[in-house]
Amino acid sequence: MVEEPKWLTINQITDPAGDLRILELPFEAKRTYFIQNVPHGSQRGFHAHRSLRQIFFAPQGSFEIELITGNSKRSFLLNSIDQKALVVPPGYWRIISSFSKDATCMVLASEHYMESDYIRNFDEYVSWCKENLENES
Ligand code: TYD
């Protein structure tokens, strides 16, 4: 089985000089990247990671992440107002969509970029799940 995705809370300290937002990380991040200026209706992702662990949040605007594995499909709304971040463990096929015009999709990743960690073909992902996830119990 894959690990469950998990919500983290982004804490806020507000004073007259502005808002401070804090996210304590449950793992060491080696890389961060962010996505902006996504045209209306565009979707991203369409891949899974073999071992990469990620945290997604929306410092600005909103977007949705659909996580697919085995026979489950779940949707998570990331909205800057909610001040939540989503931990996405390895092994999930993801589709990122519904970006608001002003959205920033911020990502923290446990490893440096490595193309060989990606599974970009859905049929290959289904085979990978059979080999790597379904035999564990
Ligand atoms: P990809 O992860 O497929 O984007 P998304 O999931 O948002 O649709 O990455 C898009 C391209 O950018 C792909 O060619 C790989 C490259 N890339 C890097 O070179 N380094 C990185 O850290 C990331 C995330 C992507």
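Biologist: Which residue lies over the face of Trp 7?

Modeller: In this predicted model, Lys 84 lies over the face of Trp 7, at 4.0 Å from the ring centre.

Biologist: How should I read a pair of aromatic rings, and how many aromatic pairs does the count give here?

Modeller: Such a pair is described by the distance of the centres and the angle of the planes. In this structure the count comes to seven aromatic pairs. For Trp 93 and Phe 122 the ring centres are 5.0 Å apart and the planes stand at 80°, so this pair is edge-to-face, given that angles over 60 degrees are classed that way. The pair links distant parts of the chain, since Trp 93 belongs to strand E10 (residues 93-97) and Phe 122 to helix H1 (residues 122-132), 29 residues apart.

Biologist: Is Trp 93 buried or exposed?

Modeller: Trp 93 has a relative accessible area of 5% and is therefore buried, whereas Phe 122, with 37%, is partly exposed. Both rings belong to one aromatic cluster, which Trp 93 and Phe 122 form with Tyr 125 and Trp 128.

Biologist: Which residues surround the ligand?

Modeller: The shell consists of Arg 31, Tyr 33, Ile 35, Arg 44, Gly 45, His 47, Tyr 113, Tyr 118 and Arg 120, and these divide into four nonpolar, two polar and three charged residues. Polar side-chain atoms lie 2.5 Å from a ligand oxygen in the case of Arg 31, 2.8 Å in that of Arg 44 and 2.6 Å in that of Tyr 118. The ligand taken alone exposes 530 Å², of which the protein buries 62%. Strand E4 (31-35) and strand E5 (44-49) are the elements that give two or more residues to this shell.

Key:
Residues are numbered from 1 along each chain as its sequence is written. This is a predicted model: local features need pLDDT of at least 70, side-chain atom pairs count only at pLDDT 80 or more; totals for chains, interfaces and linings use all residues. Side-chain values use heavy atoms; hydrogens and water are left out. Rings of Phe, Tyr and Trp (its six-membered ring) pair if their centres lie within 6.5 Å; planes under 30 degrees apart count as stacked, over 60 as edge-to-face and the rest as tilted. Helices (H or I, at least four residues) and strands (E, at least two) are DSSP runs, numbered from the N terminus. Buried means under 20% relative accessible area, exposed over 50%, partly exposed in between (1.4 Å probe, protein chains only). A charge sits over a ring if NZ of Lys or CZ of Arg is within 6 Å of the ring centre and within 35 degrees of the ring normal. A residue is near a molecule or strand if one of its heavy atoms lies within 4 Å of it. A polar contact is a pair of N or O atoms within 3.5 Å; within protein, one must be able to donate a hydrogen and the other to accept it, and residues adjacent in sequence count only if both atoms are side-chain atoms. Accessible areas come from the Shrake-Rupley method with a 1.4 Å probe; for residues, only the protein chains shown count as cover. Ala, Val, Leu, Ile, Met, Phe, Trp, Tyr, Cys and Pro count as nonpolar, Asp, Glu, Lys and Arg as charged, and the others, Gly among them, as polar.
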